[in-house]
Amino acid sequence: MVTVGIDPHKDMHQAVALAQDGTRLGRAKKVKTGPEALGQLLTWIRALAGNGPVLWAIEGGPGLGRALADALLGAGQEVVWVPPRAMAAHRRLSGPVGAKSDVIDAVAIARAALATPDLARHRIDPQVRKVRSLVGLRQNLTDQRVALTNRVLAAVHIELDHRLGKGALKTRAKVGRVRALVEGAELDEVARWVLLEQLEEIHTLFVRAAEVERRLKELVEPLAPNLLGIRGVGVVWAAVLLSQVGDVSRFATSAKMARWAGSAPIPVFSSGRDRHRLHRGGNRQVNRALHSIGVVQVRLGEPAREFVRSREEAKGTKGAYRALKRHLADVVYRAMVADQVVRGRAEVSLQPAT
């Protein structure tokens, strides 16, 4: 099999082909992004690989290379995603010290794919893609609101000599109370107007985020009933898990998903000392979702509290919560597998009879 490493960019993609033993095949290929890129790449690789199988390895997640990945998949090609960390590790391993170029990166991407046969395969799921877009929009709105909230809290402290609590602008009702405080304060007219405008913008961001969450609910409820049935998993966290995990069948076991999410400890033992430590890598959004679900379960459910309590003496409080997070990775995995099976059956039943 020939492995093609692709370093994607906004205006161009750099491709390099490697044989099964890791040696370069032919010359590197650079193509401009756009509809012509697919044809140029297929013509180039056929001259090198003939009719043999080809694996296309693209760096990153579904970002700059997504359009090309979709086109390749539509043309019957197999496409995998290579994490940037894996690419960087292989670049340091096999390239000249400190050297970096698009060709060097493409070679490292291909070698990472050769060294890791179980990389995530690219799949096109229109519903999950819609969820991913809405999750991204909600995160963008939340980031804007948090940044503006911090500026308003600082401005109120400076202009009114009044320190608001950390959560003083966490809801629309609290925004209204701060607006009443500003309106009743003795302030310069311009300073008052600026503060009120910023508060109105925060309120608008809340309204827009609520509309995004309404749309997410319409999409997520039919896609993930088992996932939503887990205590602590609301529409937002279910959407985050769906958008980040995508095709859960790409993980053969829940342990592999837990390692990918960074919720499984990693071994650091040597000389007969069996020891593990916290994994600080992995998908941080999924890791955060598992942590938040665990916190809610401990607060509301006796089983989760007992789980943490039984492990606190040996592992400490933080270690007990990490163990709960690892357990929740198994629970979430099983629920997502069940939901995917149901979706698959529904899609089969909707296909016309032949």
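This is a predicted model: local features need pLDDT of at least 70, side-chain atom pairs count only at pLDDT 80 or more; totals for chains, interfaces and linings use all residues.
Asp247 is partly exposed, because its relative accessibility is 21%. Arg123 also counts as partly exposed, at 47% relative accessibility.

The chain has 15 salt bridges by the count used here. Three of them are set out below.

| Pair | N to O distance |
|---|---|
| Asp105 and Lys100 | 2.8 Å |
| Arg326 and Asp330 | 2.7 Å |

Asp105 is buried, because its relative accessibility is 2%.

Arg326 and Asp330 share helix 12, where they lie four residues apart, about one turn of the helix. An α-helix has 3.6 residues a turn, so residues three or four places apart point the same way. Arg326 is partly exposed, with a relative accessible area of 22%.

Salt bridges also join up into a network, which links Glu211, Arg214, Arg215 and Glu218.

**The nonpolar cores**

The largest nonpolar core holds 44 residues. Val131, Leu227, Leu241, Val332 and Met336 have the most contacts inside this core. Six helices supply at least two residues each: helix 5 (126-160), helix 7, helix 9 (235-245), helix 10 (254-261), helix 11 (284-300) and helix 12 (302-350). Helix 12 gives the largest share, 12 residues.

Leu227 shows how the parts come together. Beyond its neighbours within four places in sequence, Leu227 contacts Val233, Ala238, Leu241, Val332, Ala335, Met336 and Asp339. In soluble globular proteins, nonpolar side chains tend to be buried together.

Helix 9 has its own list of buried residues: Ala238, Ala239, Val240, Leu241, Leu242, Ser243 and Val245. Just after helix 9 comes Gly246, which takes a positive phi of about 65°.

Val16 lies in strand 2 (residues 12-18). Val16 is buried, because its relative accessibility is 1%. Not counting residues up to four places away in sequence, Val16 touches Thr3, Val4, Gly5, Arg24, Ala28, Trp44, Val103, Ala106 and Val107. Val16 and Arg27 are 11 residues apart in sequence, and their C-alpha atoms are 7.3 Å apart in space.

Arg129 belongs to helix 5. Is Arg129 buried or exposed? Arg129 counts as buried, because its relative accessibility of 19% falls under the 20% cut-off. Leaving aside neighbours within four places in sequence, Arg129 is in contact with Arg66, Asp70, His122 and Ile124.

**A nonpolar patch on the surface**

Some nonpolar side chains face outward. Val190, Trp193 and Val194 form a patch on the surface, with about 310 Å² of accessible area together. Trp193 is part of helix 7 (residues 189-223). Trp193 counts as exposed, because its relative accessibility is 54%.

**The chain as a whole**

The chain contains 12 helices and seven strands. Of its 354 residues, 41% are buried. The C-alpha trace spans about 75 × 60 × 55 Å along its principal axes. The accessible surface comes to about 19,700 Å², and carbon and sulfur atoms account for 53% of that area. Among contacts between residues at least 6 apart in sequence, 57% join residues at least 24 apart.

**Confidence**

The mean pLDDT of the chain is 89. A pLDDT of 70 or more is reached by 97% of residues. Where does pLDDT stay under 50? That stretch is residues 350-354, where the model has zero contacts beyond four places in sequence.

Key. Residues are numbered from 1 along each chain as its sequence is written. Side-chain values use heavy atoms; hydrogens and water are left out. Patches are made of residues with over 30% relative accessible area and no salt bridge: like charges are joined within 9 Å, nonpolar side chains (Val, Leu, Ile, Met, Phe, Trp, Tyr) within 5 Å. Accessible areas come from the Shrake-Rupley method with a 1.4 Å probe; for residues, only the protein chains shown count as cover. A salt bridge is a side-chain nitrogen of Lys or Arg within 4 Å of a carboxyl oxygen of Asp or Glu. Buried means under 20% relative accessible area, exposed over 50%, partly exposed in between (1.4 Å probe, protein chains only). A nonpolar core is a set of buried Ala, Val, Leu, Ile, Met, Phe, Trp, Tyr and Cys residues joined through side-chain atoms within 4.5 Å. Contact means heavy atoms within 4.5 Å. pLDDT is the predictor's confidence in each residue, from 0 to 100.
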